[in-house]
Amino acid sequence: MEHITLLLAIVVVTALVFDFTNGFHDTANAMATTISTGALKPKTAVAMSAVLNLIGAFLSVEVAKTISGGIVNENGLRTEVIFAALVGAILWNLLTWLVGLPSSSSHALFGGLIGAAVMSAGWSSINGGTVVTKVLLPAIAAPLVAGLAAMLATRLTYRINRNVTDENQLKSTAKGYRAGQIASAGLVSLAHGTNDAQKTMGIITLALVTGGVLAPGSNPPMWVIVSAGVAIALGTYLGGWRIIRTMGSGLTDLKPPQGFAAQTSAATVILASSHLGFSLSTTQSCSGAVMGAGLGRKGGVVRWSTATRMFVAWGLTLPAAGLVGAGAEFLTKQGPWGITTTAILLVGGSFAIWVASRRQPVDHTNVNDTEDTADEPQGVVTTAMAAVAVPPIGAPASDLSTTIPAPASAPDDTTRPAATV
């Protein structure tokens, strides 16, 4: 570490700040359903998630290697590019947190990195094959696979327990699902630390390679692993309560069996991808699993207006973070004054977003309040079904009367009786 320059030190600190925002932005992935169903108290849930995030950071470095040596070409890459990429990722994370949308911290990081690299060295600096196979395709497949698995698991769970009618058995079953939900939430937290903490490890390792501290292709040093794990754990403990509210009750209303099915499905997808080195979005996996669990319960409704806003945020993440990263890189190319200006804009933008969040604060005391989503439209299918519902049968109200005129009889029709109502 004795060869680290001031600029490189600034990049490392900025990367850890991103890791911190990643932690509180993605706490909802592990704990939203556990909190919304009452399986754990909010503060207990985020504390457990933080500890397991820290442990998960030490389990693998495959994703870190994908980022540090796969997405962009290391040769000729400037350290300033990494700083610009992190600026784009941090600002997008904070903006989506402000509006309570569970967008992908991973894609924000990739978008910022791609935009900054293209501004610095052109499109030839991007490994397109790696971006497609290990970023874009998993981004499409992960929520679909997790959602389908959660839907099938939810339906199977309710089918197995459809004949349970005894009240004591129902209470015992509910307790069992809550316990299972806590265990599965811990598994998601472990998987989140394994996958997401590695992204920051990869970025710091890439910065160290561009600064000449490490050779290309090196694994993250131990101090990088420890610092990244601690940063994401601290962010997780802070709790991204706005996104927890959206994930826990904004998308659908979950029961303990659904929460258990959603978290188990998401954890399986995330851990499998980490083992394969796929840097997928844990947010998209968990969101897809929550929607699948909502559809899996008979009578369950997914709030598609909220889901649509979330899908739009997913689609905008890569290009939006990329544009900010490219703009930041344009400034850093101007020299020291450009780097200083970029840092000032990052701090100022972050502070402005924090001030805006104080107007309607969300914390552990009101995270389960659902007034923001109570009046949300039910969706086209639900509305259409309500419109064609058979009206209730009963005696007409006493104060209503109607007269239906009889059709006029033809002059020569003497056999038609008079119509009466």
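Begin by selecting residues 304–332, which make up helix α13; helices here are DSSP runs of H or I with at least four residues, strands are runs of E with at least two, and both are numbered from the N terminus. Helix α13 has 29 residues and spans 41 Å from its first C-alpha to its last, close to the expected 42 Å, the expected span being 1.5 Å times one less than the number of residues.

This is a predicted model, in which local features need pLDDT of at least 70 and side-chain atom pairs count only at pLDDT 80 or more, while totals for chains, interfaces and linings use all residues. Residues are numbered from 1 along each chain as its sequence is written, and side-chain values use heavy atoms, with hydrogens and water left out.

Staying on α13, select T317, where there is a kink of about 45° shortly before the proline P319; the bend at a residue is the angle between axes fitted to the seven residues ending there and the seven starting there.

Next, select E329 together with R78, whose side chains meet in a salt bridge with N and O 2.5 Å apart (a side-chain nitrogen of Lys or Arg within 4 Å of a carboxyl oxygen of Asp or Glu). This pair links distant parts of the chain, 251 residues apart, with E329 in helix α13 and R78 in the loop between α4 (62–69) and α5 (79–98).

For the last stops, show helix α6 (residues 105–121) beside α13: the two pack at about 40° with their axes 6 Å apart, where axes are lines fitted to C-alpha atoms, for helices over the stretch in contact, and angles run from 0 to 180 degrees between N-to-C directions. Helices α6 and α13 are therefore oblique to each other, since angles under 35 degrees count as roughly parallel, over 145 as roughly antiparallel, 65 to 115 as roughly perpendicular and the rest as oblique.

Finally, select helix α1 (residues 6–25) with α5, whose axes come within 9 Å and cross at roughly 25°, and which are therefore roughly parallel to each other.
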